[in-house]
Amino acid sequence: LTPTGSTSTKVELRGNVLLLECIAAGLPTPGIHWIKEGGELPANRTFFENFKKTLKIIDVSEADSGNYKCLARNILGSAHHVISVTVKAAPYWITAPRNLVLSPGEDGTLICRANGNPKPNISWLANGVPI
C-alpha cells in the first residue's frame, strides 16, 4: 500500500475538501474499501475517485476528525492503512453578539458563543477596555 507503514496523519481546515489517497498493488488487482473507525462516512458529502483510491469528503467539520481505514483486498489476502485526520478551525460564531439598546437602569444580556479548533478564548471589552 501507499502510503507506506500502518498509519499516517492528515490535518485539514474546516470547510475545505478532505482528500485521502490509498494506492494498493497486487495481482489480482485488490479492491479498496474505506471506513471511518467508530463512525460512519458522511453519506451526502463523501465521494470516491480513481477507482476508490481517493476518498473525498467535502465541507469538512470538526466531527469529521478521526481514523479512516483504507482496506485493500483480493482473493489472496488483504492489507490496510489508517490515516488519523484532524480538522482544525479558525474561530467562528455559533451565536454572534447582537446590538442591545437599553434605557437607564435597565438590565440586558449579551450572548457570545464561538467555537474553533483549538478552542478560542473569548474576551469582553467595553469601549476598547477589558471588563
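**Entry 1: the disulfide**

I started with the cysteines and found C22 and C70 joined in a disulfide, their sulfur atoms 1.8 Å apart. I kept in mind that this is a predicted model. I noted for myself that a disulfide is a covalent bond between the sulfur atoms of two cysteines. Next I looked up where the two partners sit: C22 is in the loop between strand 2 and strand 3 and C70 is in strand 6, so the bond ties together parts that are 48 residues apart in sequence. The torsion about the S-S bond is about -75°, so I wrote this disulfide down as left-handed. Are the two cysteines buried or exposed? C22 is buried, at 1% relative accessible area, and C70 is buried too, at 0%. My count of disulfides came to 1. I also checked C112, which is buried with a relative accessible area of 19%; the cut-off for buried is under 20%.

**Entry 2: the core and W34**

I then turned to the largest nonpolar core, which has 15 residues. Among those with the most contacts inside this core are L18, L20, W34, L55 and I57. Which elements give two or more residues to the core? I listed strand 2 (18-21), strand 3 (31-36), strand 5 (54-57), strand 6 (66-74) and strand 7 (77-95).

Leaving aside residues up to four places away in sequence, W34 touches L20, L41, F48, L55 and I83, among others.

**Entry 3: salt bridges**

I counted 4 salt bridges. As a reminder to myself, side chains of opposite charge can pair when their charged atoms come close.

I looked up E37 and K69, whose closest N and O atoms are 3.9 Å apart. E37 lies in the loop between strand 3 and strand 4 and K69 in strand 6, so this pair ties together parts 32 residues apart in sequence. Both partners are partly exposed: E37 at 34% and K69 at 22%.

D64 and R45 also meet in a salt bridge, at 3.0 Å from N to O. D64 is in the loop between strand 5 and strand 6, and R45 is in the loop between strand 3 and strand 4, 19 residues apart. Here I found D64 buried at 4% and R45 buried at 18%.

I noted K56 with E49 as well, at 3.4 Å between the closest N and O atoms. K56 is partly exposed at 23%, and E49 is partly exposed at 31%.

Most residues other than glycine have a negative phi, and most peptide bonds are trans. Where did I find a cis bond? One joins T2 and P3, with omega about 15°, and P3 falls in the segment before strand 1 (7-13). Another joins L27 and P28, with omega about 0°; P28 is in the loop between strand 2 and strand 3.

K52 has a positive phi of about 70° and sits in the loop between strand 4 (46-49) and strand 5. N127 has a positive phi of about 55°, and its loop runs between strand 9 (125-126) and strand 10 (129-130). K52 is partly exposed at 33%, while N127 is exposed at 83%.

**Entry 4: a surface patch**

Last, I looked up the nonpolar surface patch formed by L100, L102, L110, I122, W124 and I131, with about 570 Å² of accessible area together. I placed L110 in the loop between strand 7 and strand 8 (113-117), and it is partly exposed at 42%.

Terms used
Residues numbered from 1 in each chain as written. Predicted model: local features only at pLDDT ≥ 70, side-chain atom pairs only at ≥ 80, totals over all residues. Heavy atoms only, no water. Core = buried A, V, L, I, M, F, W, Y, C linked by side-chain atoms within 4.5 Å. Buried < 20%, exposed > 50% of the residue type's maximum accessible area, 1.4 Å probe, protein only. Helix = DSSP H or I, 4+ residues; strand = E, 2+ residues; numbered from the N terminus. Contact = heavy atoms within 4.5 Å. Patch = residues over 30% accessible without salt bridge, like charges linked within 9 Å, V, L, I, M, F, W, Y side chains within 5 Å. Areas by Shrake-Rupley, 256 points an atom, 1.4 Å probe, with all protein chains shown as cover. Salt bridge = Lys/Arg side-chain N within 4 Å of Asp/Glu carboxyl O. Disulfide = S-S within 2.5 Å.
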